[in-house]
Amino acid sequence: MDEPIIDKAVYVELQETTGAEFVDELVDTFLEEATGMLAELRSARADNHADRFRRAAHSLKTNSSTFGAMRLAALARELELKGLDAEPARDTAAIAALEVEYKRAADALKDLRHG
Amino acid sequence: MADAAARVLVVDDNKVNRLLLSRNVQMQGHRAELAENGRAALDMLRRELFDLLLLDIEMPEMDGFAVLEQLKADPQLRDLPVIVTSSLEGLENIVRCIGLGAEDYLHKPVNAVLLKARIGASLEKKRLRDQQKELVRRFATSEVAQDLQRSGFALGGKRVHASVMFSDIRGFTALVESQSPEDTIELLNTYYTLMFDAISGHGGVVNQMVGDGLMALFGAPLPLEGCADSAVAAALEMIELIEQFNLERAGTKKPSIRVGIGIATGDVVAGYTGTQQRATYTCIGDTVNLAARLEEHTKVAGRAILIDVETKRALGDRVRAETLGAVPLKGKSAAVEIFAVDIGRPA
């Protein structure tokens, strides 16, 4: 993946259309909510609950693309479209990869937020 | 007016989306209310008035598709404009939303400029639609308005069984000359309020008002069981209300008024007549002409309510009516048997 962690153009446009201060708050909200979404993804996988799994991946995809976190969005999108895997271990691995990318995106967003 | 603040309901299960969409709405000068799922949204829509709905599709409890279905089935909410904002993929989802009545479908993340344009356009369309509905409401009866909404507008009629009533104020011309135009307008407004009340209270529909005269239909545009009974009951109540009105007028030394009512029952052709540009809902046929002649004849007969033989037959013995025999009426080749309804006092 050669996409940047955060697509600056998307982020700047968001600031321009809704205000930098508002975007700061929105980033905070996202960081608060995303932890829950990741947990939901894991628990839906453990419960074998396809609907919840898809919805959690869907939410992550939508929100990360809002801030221009394109890599994260792409990983979440893969999970959303694929749904629960017949082989749970593959999902667990994908979720782990998603969490790594989330940490990167979250750090980048925090930097932007304070920058 | 398109720029006036509107009330927009933002429905999304995701907090970031809710905040972002409502921010966009507010920056456009509108007010945003929030709901977290389809069920909560429907509750709010049924409780309060909104101008526009921004609807997410993928939601727990009740998803956006179900909301669209419910809105479509609800006569009160059917016309509420809905813009779907979703990141659901697949053309079939978009097609499904549009098929269920959504005005538009915007992909998330929603482009703020596009959203602004869509909100503006939807609100403008709603404003025009509201204006049109208001016009129809003011110039047609709610029954006609509903009939129009249900089946659309088409010139032409259908044959229905109905009772037709004509009514006017006796000696109205002399009355108009004896008082100020302002007094006349006030009198007419009170008179019409009373008459409408009596007529619609018995399932009738006033479809024409000319000066002091009105025409009412019982059995069209919607069928009415026992239309003759309803028409006569309405007529008796009209006479009763006029009596009360006269008592009030006597208190302020104003002359009393008297009305004459003619009712005929039978098949009529009901529908829209006129042109594509200007049309009116009415009934035509012998029954209509007969009712009009009966009303005119009340002056000659000195009776308040005259009915035809079909109306009399439908009433049976439920209402006391005296036969006045066969009477020649204008426009009728043969004499017509008419009856005077007993109003319990001299007319």
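Is A:Ala9 buried or exposed, and how many C-beta neighbours does it have inside 10 Å? A:Ala9 counts as exposed because it has 10 C-beta neighbours inside 10 Å; a residue is termed exposed if 12 or fewer other C-beta atoms lie within 10 Å of its own, buried if there are 20 or more, and partly exposed in between, with C-beta atoms placed from the backbone. The structure is a predicted model, in which local features need pLDDT of at least 70 and side-chain atom pairs count only at pLDDT 80 or more, whereas totals for chains, interfaces and linings use all residues. Residues are numbered from 1 along each chain as its sequence is written, while chains are lettered from A and ligands numbered from 1 in the order in which they are written.

Chain A contains five helices and zero strands, giving the order α-α-α-α-α from the N terminus on. Helices (H or I, at least four residues) and strands (E, at least two) are DSSP runs, numbered from the N terminus. Of the 115 residues in chain A, 37% are buried. Contacts are assigned where the C-beta atoms of two residues, placed from the backbone, lie within 7 Å. Among the contacts in chain A between residues at least 6 apart in sequence, 64% join residues at least 24 apart. A:Ala9 belongs to helix α1 (residues 8–18) of chain A. The C-alpha atoms of A:Ala9 and A:Gly68 are 7.7 Å apart, although 59 residues separate the two in sequence.

Between the chains, 15 residues of chain B are in contact with 15 residues of chain A. On the side of chain B that touches chain A, helix α1 (residues 15–27) of chain B supplies the largest share, eight residues. That side of chain B comprises seven nonpolar, four polar and four charged residues; Ala, Val, Leu, Ile, Met, Phe, Trp, Tyr, Cys and Pro count as nonpolar, Asp, Glu, Lys and Arg as charged, and the others, Gly among them, as polar.

Backbone geometry was also examined in the loops. A:Asn48, which is not a glycine, has a positive phi of about 60 degrees. A:Asn48 is placed in the loop between α2 (20–47) and α3 (50–66) of chain A, and it is exposed because 10 other C-beta atoms lie within 10 Å. In chain B, B:Lys253 likewise has a positive phi of about 60 degrees without being a glycine. B:Lys253 is located in the loop between α9 (227–251) and β9 (259–274) of chain B and counts as exposed, with 6 C-beta neighbours inside 10 Å. A cis peptide bond, with omega about -5 degrees, joins B:Lys108 and B:Pro109. B:Pro109 lies in the loop between β5 (104–107) and α5 (112–139) of chain B.
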